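Please look over the model shown here with its side-chain packing and charged pairs in mind. The report that follows is meant to be read alongside the coordinates.

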Amino acid sequence: MGVNSVTLVGRAGRDPEVRYFESGTVVANLTLAVNRRSRDDEPDWFNLEIWGKQAQVAADYVRKGSLLGIIGSFKLDRWTDRATGEERSKPVVRVDRLELLGSKRDAEQGAYGEGSSEGSYGGGAYGGGEPSSEEVPF
């Protein structure tokens, strides 16, 4: 029996690239930067692949810099390079669950860049940013 589970919290490295198929299926691809414990270290970068309804959520609400939490599984995409005929591969995380972790205030202030439309999902299962005054109970 094997376990293939990936849990990450980080920021979107770019806006999602979204493709719509004739069958009605949607896929979104983007990168995720995950910081290491030391601020001196460079972040780790992950390629994400999101399918279905969650891909549409990513298309509508995720922008470069958006804080995301994901649960998914690791896979290795393989193909033959048309130019060289060489076998190529790329590690990808197929996302099963997407959490938008930015607050409503972040979206209103454009904290994630111009034109940001971050959802008001302040926290989710992963914590999240600083709560807005509307979210504080006292």
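Predicted model: local features only at pLDDT ≥ 70, side-chain atom pairs only at ≥ 80, totals over all residues.

Residues are numbered from 1 along each chain as its sequence is written, and side-chain values use heavy atoms, with hydrogens and water left out.

**Nonpolar core**

A nonpolar core is taken here as a set of buried Ala, Val, Leu, Ile, Met, Phe, Trp, Tyr and Cys residues joined through side-chain atoms within 4.5 Å; buried stands for under 20% relative accessible area, exposed for over 50%, and partly exposed for values in between, with a 1.4 Å probe and protein chains only. The largest such core has 19 residues, and the members that touch the most other members are Ile-50, Leu-68, Ile-70 and Leu-98. Two or more residues each come from strand 1 (6-12), strand 3 (26-34), strand 4 (44-51), helix 1 (53-61), strand 5 (67-80) and strand 6 (87-100), and strand 3 gives the most, with 5 residues. Helices (H or I, at least four residues) and strands (E, at least two) are DSSP runs numbered from the N terminus. With contact meaning heavy atoms within 4.5 Å, and neighbours within four places in sequence left aside, Ile-50 is in contact with Val-26, Val-27, Ala-28, Leu-30, Ala-55, Ala-58, Val-95 and Leu-98.

**Salt bridges**

The structure holds 6 salt bridges, each being a side-chain nitrogen of Lys or Arg within 4 Å of a carboxyl oxygen of Asp or Glu. The table lists some of them.

| Asp-44 | Arg-36 | 3.0 Å |

Salt bridges that share partners join Glu-49, Lys-75 and Asp-77 into one network. In the pair of Asp-44 and Arg-36, Asp-44 is partly exposed because its relative accessibility is 26%, and Arg-36 is likewise partly exposed at 45%. Glu-49 counts as buried at 8% relative accessibility, whereas Lys-75 is partly exposed at 28%.

Thr-31 lies in strand 3 and is buried, since its relative accessible area is 15%. Apart from neighbours within four places in sequence, Thr-31 is in contact with Arg-11, Ala-12, Gly-13, Arg-14, Trp-45, Phe-46 and Asn-47.

Asp-81 lies in the loop between strand 5 and strand 6 and is buried, with a relative accessible area of 19%. Not counting residues up to four places away in sequence, Asp-81 touches Glu-86 and Arg-88.

**Aromatic pairing**

Rings of Phe, Tyr and Trp (its six-membered ring) pair if their centres lie within 6.5 Å, and planes under 30 degrees apart count as stacked, over 60 as edge-to-face and the rest as tilted. By this rule there is 1 aromatic pair. The ring centres of Phe-21 and Trp-51 are 6.1 Å apart and their planes are at 15°, so the pair is stacked. Phe-21 lies in the loop between strand 2 (17-20) and strand 3, and Trp-51 in strand 4, so the pair ties together parts that are 30 residues apart in sequence. Phe-21 is partly exposed at 36% relative accessibility, and Trp-51 is partly exposed at 31%.
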